[in-house]
Amino acid sequence: MLGAVLGAVLGLLVGVPLRSAVVRYAVPGGEPWRACAVTPLGRCVRCGERAGPPPLAVELTAGAVGAALAGYAPGRWLPLLAWVALFGVALGFVDAAVKRLPDALTLPLLAGTALLVPLADHRPEVWLRCALAAGALGGVFLLLALFSPMGLGDVKLAPSLGAVLGLAGWRTFYAGLLYMWLIAALWAVALLVLRRAGRRTELAFGPAMLLGTLAAVLVTVR
């Protein structure tokens, strides 16, 4: 319980700069990044205008993820999972806002994930499994990008999530893949029922990828 509370508090604190990162990178392709520092209530410090997600949305999301990881994930995995969660919260909100996952976030995430996997488990066979899982998930999304409307940002996000799922084992990998599509399907149905989207509406898949990975890790390692 104490770990979950501490994780929630740290997540809330980290959520404040994450909000500014979301506003900075949530721009359409080809446009320059925004130079905004945003308060938790969603107002720019410089101009006072409302920007980004609803007030406290990023902070509460980061707090919930922090509580879940600190309360249920193995301690030796926390540096890696915290790194992925840090970028994941920002990427989820950016993708939901502008339907893109920028290289400025996905590529540092991948580099840091590669460096942190050996710290999470010292066994070479686990490193190999993580590499294979990263390549497999990246390959799946590359094929989807070639033959469906899937974006290349999803392809670049996939290896990092695949490595995390591979760390927990192939059972977790397959569960994560299933959860990604299940969450995406449920979200699409909800939008259709609420008439917030049509049959041809483009949906952001990044949030479903991130939530599916989180769910698989938390469910299968307990």
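Which helix gives the largest share of the lining of the largest pocket? Helix 3 does, with 10 residues.

Before you start selecting, note that this is a predicted model, in which local features need pLDDT of at least 70, side-chain atom pairs count only at pLDDT 80 or more, and totals for chains, interfaces and linings use all residues. Residues are numbered from 1 along each chain as its sequence is written, and side-chain values use heavy atoms, with hydrogens and water left out.

**First stop.** Select Ala204, Phe205, Gly206, Pro207 and Ala208: of the 49 residues lining the largest pocket, these are the closest to its centre. A pocket here is an open set of points on a 1 Å grid over the protein atoms alone, where a 1.4 Å probe fits, with protein on both sides within 12 Å along at least five of seven lines; lining residues have an atom within 4 Å of a point. The space inside comes to about 1,300 Å³, a volume being what is filled by probe spheres set on points joined across faces, edges and corners.

Next, colour helix 2 (57–72), helix 3 (78–98), helix 6 (152–168), helix 7 (170–193) and helix 8 (206–220), which each give two or more residues to this lining. Helices are DSSP runs (H or I, at least four residues), numbered from the N terminus.

**Second stop.** Now pick Gly11, Gly66, Leu69, Ala82 and Ala85, nearest the centre of the second largest pocket, which 16 residues line. About 290 Å³ of space lies here. Show helix 1 (2–25), helix 2 and helix 3, each supplying at least two lining residues; helix 3 gives the most, 6 residues.
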